[in-house]
Amino acid sequence: MTPGRLILAATPLGDVRDASPRLASALAEADVIAAEDTRRLRSLASALEVTPRGRVVSFYEDVETARLPKLLESLREGETVVLVTDAGMPSVSDPGFRLVAACVAASLPVTCLPGPSAVTTALALSGLPCDRFCFEGFAPRKPGERTRWLTSLVSELRTVVFFESPHRLASLLADAASVLGASRRAAVCRELTKTYEEVKRGSLSSLADWAAEGVRGEITVVLEGAAPRSVSVADLVSEVSERVAAGERLKSAAAEVAEAAGVSKKELYDAVLASRVK
């Protein structure tokens, strides 16, 4: 029997007009729709004037693992399963990863209907460099964990995108200003594509002051990357040597240190070799 396929379908962040014709067709034709919230799925289908002909099952975080066997069975029997979350792309800080991983492990087909994503939308609107970025999911909730996480971003050269809840935003921005520097730039994107969409850009300290007055809605934060360190190849030789002494291979240690510092990998590698013959 030819297996079915899992379709990861991106849904609108807020404005239903962002839904693609392919999404409407997939919802109408699927044998099974796995939805993070079945009520929101039915509202979306109604807005798109679509009547799903297949079964609709809930697929939120607490039931992901329990739902996997039945969904995999449906796929093995040749059915098409469409996975949707409340907004944006499934598995990106939303349910879906476990199902995709299980399908990959079982050699079952997986495809994607591209569409809205809060991550790339916020990045594009931020006014910050977009050529290299990383996504950090949701910021840690506990103060200690959050401070350690922010500390790990001190030397991160890429633009950083992450989600935060509105009631924790002010404290997060205040901590970020303390750990990363008050002048580091950021953008807070609120209610993307919705009626009250707002993008606030500025320094971490100014954004912390703004957020202290209270913020509502879905929040995506975009943080400027760190300024490249101004170091020479010679300054990095000891760092590579220490990593090699700790058990790392010279080639990989030199490559990682060079990339982080923005210097030539070959020059640093040669410099370490030259230091050994002195």
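In the predicted model, helix 8 (residues 204-211) lies across strand 8, strand 9 and strand 10 (219-223), contact being defined as heavy atoms within 4.5 Å. This helix runs at about 135° to strand 9, where axes are lines fitted to C-alpha atoms, for helices over the stretch in contact, and angles run from 0 to 180 degrees between N-to-C directions. Helices (H or I, at least four residues) and strands (E, at least two) are DSSP runs numbered from the N terminus, and residues are numbered from 1 along each chain as its sequence is written. Local features need pLDDT of at least 70, side-chain atom pairs count only at pLDDT 80 or more, and totals for chains, interfaces and linings use all residues, while side-chain values use heavy atoms, with hydrogens and water left out.

An open sheet of five strands shows the order 6-7-10-8-9 with mixed pairing, two strands being paired if DSSP finds at least two bridges between them. Strand 6 (133-138) and strand 9 (198-203) form the edges, each pairing on one side only. On average, neighbouring strands of this sheet are turned by 15° against each other, direction ignored. Strand 8 (residues 185-190) and strand 9 run antiparallel and are joined by six bridges; Ala-186 stands opposite Gly-202 in strand 9.

Strand 4 (residues 80-84) is mostly covered, with four of its five residues buried (under 20% relative accessible area, with a 1.4 Å probe and protein chains only). Strand 1 (residues 5-9) runs parallel to strand 4 and is joined to it by four bridges, with Leu-8 opposite Leu-83. Strand 2 (residues 32-35) also pairs with strand 4 in the parallel sense, over four bridges, and Ala-35 has Val-84 as its bridge partner.

How values were computed:
Buried means under 20% relative accessible area, exposed over 50%, partly exposed in between (1.4 Å probe, protein chains only).
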